[in-house]
Amino acid sequence: MKKFTELAFISLLLLSSISIAQTKNPIRGFIVDATSDEPLPAANIIIVGTVIGASTNLDGYFVLGNLESGIYTVEASYLGYHSTQQRVTVTDQLMNPLKIDLLPSAVQLEEVTVVMEDQDDLAIRQSPKVSVIPIDAGTIRKMPSLGGEMDVMRTLQLMPGVKSSSDISSALYVRGGSPDQTLILMDHNVVYNPSHLFGLFSTFNADAVKRIDLMKGGFPAEYGGRSGSVLDVITNEGNRKETEGLFSLGIISSRGALEGPLPNKIGSYAVSARRTYMEPILDYMRESQDIDLPSYYFYDANGKVNLDLTDRTTLTIAGYWGEDDLTFDGGPEDSPISVGLNWGNRTFTSRLRHALGRDAFVSFGASVSRYRSKWDIENDGVDLEDAYDRLLDYSFKSDLEFLGSQNHRIKTGVWISYYEFLLRISHAGKDFVNVDDATANYSWYVQDRWRFLPKWELQPGLRLYYHEAGELFMADPRLALVYHYRPDVRFKVAGGRYSQFIDLISFGEGMSSFDIWAPIDETMEPTYCDQLILGYEWEPNDQLEFTTETYYTQMHDVATFNMLSSSESFDGSEAYFFGEGTAYGIEFMLRKKSGRLQGWAGYTLSWTDRTYADTYLNDGETFYPKWDRRHDFIATAMYDLNNRWDMSASWRFNTGQGVTQPVGLMTTYVAGVDPDAMPSNGRQVLNGELNNYRFPEDHRLDVTATWKHTFFKYPARLNISIYNVYSRRSYWLRITDLTENPVVIEDIKLLPIVPMISYEVRF
Amino acid sequence: MKINKHRSTNQILLGLLTLAVIGFSGCSDQPTEVEDYNPEPILTAFLYGGEDIEPVTLEWAGGIYAYYQPGNNAISGADVKIWEIGPDPVQDTLYFEFNDNLKKYLPTNEAEWGVPQHLRSYRIEAHKASENIHMWAETVIPDTFTTIITPEPVGFDSVAILDTLNRNMAPIELHWSQSALAAGYVQTIVCLDTTYQPLDPDWDPIEDEIPEDSSRYSFDLAMAGQDFTTLAWINFWYEGWHEIQNQAVDPYYWEYFFSVFRLWMGQVNDLEYHMNGGLGVFAGITRDRYMVYIEKVE
């Protein structure tokens with residue numbers, strides 16, 4: 001462990017020394033939102049007429065180096081913003097950083113000048129990433145939503161390669177991986193359970209979100225800890241120019257947001273919050289119809305403060321607080337039953353960023369992420385079940401980024417996580433499971449983006465792990481190669497190993513209140529995946545982008561909870577099964593990124609399977625998990641009809657989900673009980689192979705219309721959305737009614753057409 | 001903007017061709033419904049330490065869409081036997097014969113054989129060559145243990161009897177000593193009255209219908225090492241006599257029963273049988289039994 005720490009610090013020192021060796025005549029600068037002065041991370045900047053380009057870092061900073069003295073035209077672009085060009089004079093003297101303002105697409109330009117260059121003269125984008133889908137907040141706001149709640153995860157589910165398990169689940173199944181194989185970061189802090197209302201809504205309040213990058217695979221070494229994909233969510237930093245806010249009223253929830261500059265221009269802040277208010281509706285239904293109904297609400301709040309401590313140092317403090325609460329009181333008067341479920345996330349993140357010289361950035365972050373769930377079931381004062389589950393993740397991160405060379409962009413860093421895992425399940429006052437454990441995970445990475453030839457770019461990386469429990473060392477090599485065949489055509493290859501040291505125990509789809517996250521213990525092996533991705537990208541013009549990627553993933557030691565485990569000690573080797581899996585497929589996506597009509601069409605052909613040898617899971621034979629879908633087609637469109645109306649629609653068609661088909665009947669014999677005393681006289685189904693049957697294909701159309709107007713001089717939006725326009729209810733479950741003889745097999749379907757309305761005022 | 005139309009057209013054509021090829025390839029190997037299910041034999045036997053042998057069932061699984069009557073699927077004419085296994089067996093083989101009235105197998109030499117002994121291991125086999133049935137399983141019977149029940153029994157025969165209780169009283173509590181070789185403890189509660197008179201005071205015997213196909217059975221689970229539980233009143237739904245059993249069970253039956261519980265919860269796909277050559281369960285159990293009359297409070 002000591003050597004590991006030394007290695008990490010040596011690399012940091014090494015890169016610090018590199019940062020001193022600056023190149024000459026670079027163009028440096030920041031790309032920011034013109035309306036709020038917020039920096040724009042991952043924005044592109046190119047020098048028109050050359051093959052030189054770069055992308056901004058998290059501070060919106062870029063460096064274009066190795067330029068001869070002269071006058072250059074740079075063009076900056078960012079998803080959801082108007083591109084802009086600027087002339088820059090480079091001399092043999094170091095120049096001050098530029099500030100390039102980009103206007104959001106929502107802001108209409110008075111006069112749009114489109115500069116059409118000869119295609120062969122278009123500059124090559126710097127470091128196009130493999131398997132990354134960027135989504136800006138504007139896209140999320142425009143997409144049709146369920147229940148009037150704009151939803152980050154549901155927008156992501158409309159991307160090729162991303163699937164949901166059902167209409168009522170916001171969990172992400174990316175390229176055959178299960179939801180726990182996706183690392184979800186919010187402002188660089190891990191969020192463990194990203195859902196509300198049993199998975200119906202995600203925890204990310206769209207008002208708080210600035211940008212999202214979904215890395216479906218082949219992600220660089222700076223990300224680690226999950227074996228499949230990464231969802232990197234960056235929240236609003238706050239308007240640095242003026243105070244603004246919004247308030248939105250919906251049928252089941254309301255939300256509000258406020259952001260603005262701090263006094264004396266020392267920084268900015270952004271806060272947002274939302275809460276559901278279904279309780280009165282449920283109360284009314286409970287009383288008017290005399291039926292036992294639960295009471296439920298969720299709320300969440302985001303806050304972020306950016307402090308410019310010096311002109312080189314920025315401190316960011318961000319937090320998230322969310323909770324779901326469900327209570328149920330019912331049953332007979334003399335034997336009442338009460339159920340309480342409560343779960344939620346809290347995160348706190350602090351991050352200090354400092355510019356080392358002109359071309360290097362260092363950051364230090366300390367964060368806490370807590371996921372907690374608890375449930376208790378009582379009958380007439382007797383505890384039937386009482387459970388408390390909590391994962392506390394204390395993390396320290398440090399990154400050093402060197403931007404000084406045009407041909408290299410080196411980054412290194414450490415990430416130390418200390419996990420406290422607590423799980424108590426008691427029954428009738430006695431502990432059934434009692435675990436109070438702690439362990440630490442240390443990782444270090446280094447990566448480079450190296451343009452070794454004008455058209456070739458290599459992105460090597462290495463991530464090393466040391467996991468305290470079990471004293472495990474793991475090395476994840478990563479490599480990506482990009483070939484710029486033409487300025488508008490790129491070929492990409494990426495691959496590597498991706499390790500995971502924490503697993504999710506899930507007791508059912510969408511039942512997020514019962515999810516349990518547990519770090520691996522000394523009896524377990526980490527899950528790791530080997531991925532290979534081949535990609536092709538073609539941009540026929542500034543507005544269109546066509547990408548296709550094929551991928552193959554081999555999964556090793558994939559953990560799944562052993563439902564028959566009844567060990568109080570909860571040893572990992574007894575609580576889990578470890579299996580193998582594969583996932584492969586091909587994705588196509590045509591995206592229109594700008595103009596009055598925007599949107600995308602995507603198609604995915606994919607397979608994924610799992611094998612848990614020598615277990616009860618499909619008798620140890622290979623099976624397709626429930627989220628395996630062969631075909632998936634998606635089309636979305638967002639159209640600015642005029643200054644008053646926006647329209648958007650999404651349509652999805654996919655293969656039906658797998659379901660296990662009962663094949664026979666038997667009597668369940670239980671010791672000391674006559675089958676006649678049991679439900680349905682003990683009659684029980686015999687199931688066939690796991691997910692051996694497929695429901696019919698699903699397809700659904702969602703539409704939204706937004707009326708933009710003013711409300712007492714304030715900009716306002718009336719949002720009318722219709723979920724499942726032609727009421728094609730998707731299949732969810734197959735159940736067998738054993739009370740009938742012969743039995744009756746029924747299919748349970750999900751939501752019909754759901755119209756919703758919400759009203760939003762900005763001030 | 002200059003665009004090479006031929007180059008673009010070729011790219012589009014190539015893309016469409018690729019799409020067509022993979023689209024057709026994706027139509028293969030779709031998982032399909034299992035339509036030709038071959039029924040499996042199911043063998044079930046429970047050995048209770050120190051108690052008389054109970055009948056053994058051997059039957060075929062039924063078809064999913066067929067009318068299901070367990071006796072109709074009984075397999076007659078099989079060679080069924082149980083014997084003690086281990087280094088120093090003290091019991092000979094116990095033979096069974098098919099009873100056409102019960103549609104079950106009854107022991108033929110029970111008087112000489114005696115009763116299953118605690119801490120002893122047994123094996124069951126069932127063979128019927130003509131139908132290719134060759135099944136076997138093994139079990140061990142956990143040691144005796146003592147259960148203290150609150151309220152205390154007021155009468156005792158082969159089954160201890162508690163005083164009459166109702167749901168306004170404190171719930172029944174069980175404390176027990178540990179049973180060697182027990183993998184866990186199962187508490188079963190069965191209402192013996194089949195008239196289904198709900199205890200719920202809001203239930204109206206005139207206006208409300210008697211529930212059909214209702215369960216008179218509930219259960220509780222305790223892991224090995226646990227020595228206490230409270231039987232909440234939610235386990236008692238009907239007025240009348242109830243039998244409560246506290247069972248110390250062998251490891252195989254514990255897994256089987258846990259899988260029954262998980263199957264009812266929809267969390268597993270199949271049961272853990274530990275039966276070779278087919279399905280079913282062969283369980284070794286040591287139990288304490290109690291009777292209690294639960295009365296309704298108006």
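I worked from a predicted model, where local features need pLDDT of at least 70, side-chain atom pairs count only at pLDDT 80 or more, and totals for chains, interfaces and linings use all residues. Residues are numbered from 1 along each chain as its sequence is written, with chains lettered from A and ligands numbered from 1 in the order in which they are written.

**Chain A against chain B.** I looked up contacts (C-beta atoms, placed from the backbone, within 7 Å). I found 63 residues of chain A touching 69 residues of chain B. I then listed the strands (DSSP runs of E, at least two residues, numbered from the N terminus). On chain A, β24 (382-402), β26 (430-453), β34 (576-592), β39 (662-667), β40 (683-687) and β41 (693-694) each supply at least two residues to the side touching chain B. β39(A) gives the most, with 6 residues.

**Pairing across the chains.** I checked β39(A) for strand pairing (at least two DSSP bridges). β39(A) runs antiparallel to β3 (residues 62-63) of chain B, over 2 bridges. A:L665 has B:G62 as its bridge partner in β3(B).

**Inside chain B.** I took domain bounds from an automatic or database assignment. Chain B has domain 1 (41-140) and domain 2 (147-272 + 283-294). Their C-alpha centres lie 26 Å apart. In chain B, 9 residues of domain 1 contact 9 residues of domain 2. On the domain 1 side, β1 (41-48) and β8 (133-140) of chain B give two or more residues each. β1(B) gives the most, with 3 residues. I counted 6 nonpolar, 3 polar and no charged residues on this side of domain 1 of chain B.

Methods: Contact = placed C-beta atoms within 7 Å. Helix = DSSP H or I, 4+ residues; strand = E, 2+ residues; numbered from the N terminus. Nonpolar A, V, L, I, M, F, W, Y, C, P; charged D, E, K, R; others polar.
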